[in-house]
Amino acid sequence: MLSFVALVDQWRAIAGGLPEGWGEARLRLTVEDEGQAPRAAELLGPTNPGRHGTVITFSAAHRGAGPSPDLVRRLLARLDAERIAGSLELVLVRESPEAAEARTRPRPALVAQWDEAMAGLPDDWSDLYVELELASSDHLEPGALLLAPVNPARRKPDARARPAGPESDALDERPAFRFRVARRFGYGASAGMTRRCLERLDDSGIHGQLRVLHALSDTKPVYTQGPVWYVGGRAV
C-alpha cells in the first residue's frame with residue numbers, strides 16, 4: 001500500500017523516473033484521511049495546489065517558473081512530519097522548451113559531421129573507431145544496408161558487466177552502429193567509402209549523430225593488418 005510509504009520517498013521514485021529534459025510534472029496527491037486534506041493543501045500552499053475532497057493536484061517544474069523539485073520535496077517532508085498519509089501519482093509530464101527545441105532542431109547532415117570530424121583529426125591519423133547513433137530505431141535495417149561497405153556492427157554491453165544467461169547477448173538498446181575506418185591499409189573501410197555511405201544515408205533521409213570514439217596516428221603494423229582495440233572486453 002502506498003499509504004505506508006513516505007510521501008518524500010514516493011516523490012523521489014517519481015522524480016527518478018522522469019525523462020531527461022522534462023519541464024513540468026503534474027502530480028496528484030490522494031490523502032488517506034479526509035480530515036487531513038485541508039491541512040495537506042495548506043502545507044502545499046507554495047505550489048498553488050487545487051483540492052477536491054481528498055485529492056490535491058499541484059506541479060513541479062524542472063526549469064523556469066513553478067515549484068522546483070527540491071521545494072516539492074521539502075513541502076512533502078512537512079506532510080510526512082505531521083503524519084499525513086496518502087498516495088502520490090504522476091498525472092502528466094511536459095518536456096522543457098529547451099528539450100523541445102533541441103528535438104525539433106534540424107540535425108547536421110552526416111556528411112557534414114564527417115567532414116567536420118576529419119578536419120579535427122591530426123594530419124597523420126591512420127585508424128578510427130566510429131559510432132553512428134541513428135535518430136530513430138526505424139532506420140536500423142535500412143541504415144545497416146546502406147552502411148554495409150563499412151561493415152557496421154551493433155555494440156554489445158561490456159562483457160565484464162553483463163549478467164549470465166540469455167540477457168548476456170543483449171545488444172545496446174540505442175539505435176547505433178560502430179565501425180572502423182583505415183586511412184591507408186588494414187582493418188576498416190577507407191575514408192572515401194565511409195563518406196560515400198554517409199552520403200547515401202543523407203540522400204535517404206536517415207539522420208543521426210556521428211562520433212569518432214578512438215583515433216590512432218601513424219600506425220605501422222608488423223605481421224598484422226592493423227591495430228586491435230579492446231572495447232568492453234572485446235576486440236574490435
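Against which elements do the buried residues of α1 pack? They pack against β1 (22-31), β3 (55-61), α3 (69-81) and β4 (86-95), where contact means heavy atoms within 4.5 Å and buried means under 20% relative accessible area, exposed over 50% and partly exposed in between, with a 1.4 Å probe and protein chains only. This is a predicted model, in which local features need pLDDT of at least 70 and side-chain atom pairs count only at pLDDT 80 or more, while totals for chains, interfaces and linings use all residues. Residues are numbered from 1 along each chain as its sequence is written, and side-chain values use heavy atoms, with hydrogens and water left out.

**Confidence**
- The mean pLDDT, the predictor's confidence in each residue from 0 to 100, is 85 for the protein, and 82% of its residues reach 70 or more.
- Over residues 158-171 pLDDT stays under 50, and for this stretch the model has 18 contacts beyond four places in sequence.

**Helix α1**
- Helices (H or I, at least four residues) and strands (E, at least two) are DSSP runs, numbered from the N terminus, and in α1 (residues 7-16) the buried residues are Leu7, Val8, Gln10, Trp11 and Ile14.
- Seen down the axis of α1, these buried residues fall within an arc of 160°, so they line one face of the helix; the arc is that of the directions from the helix axis to the C-beta atoms.
- Ala13 and Gly16, on the other side of α1, are exposed.

**Histidine 207**
- Histidine 207 lies in the loop between α7 (191-203) and β7 (208-217), and is partly exposed, with a relative accessible area of 39%.
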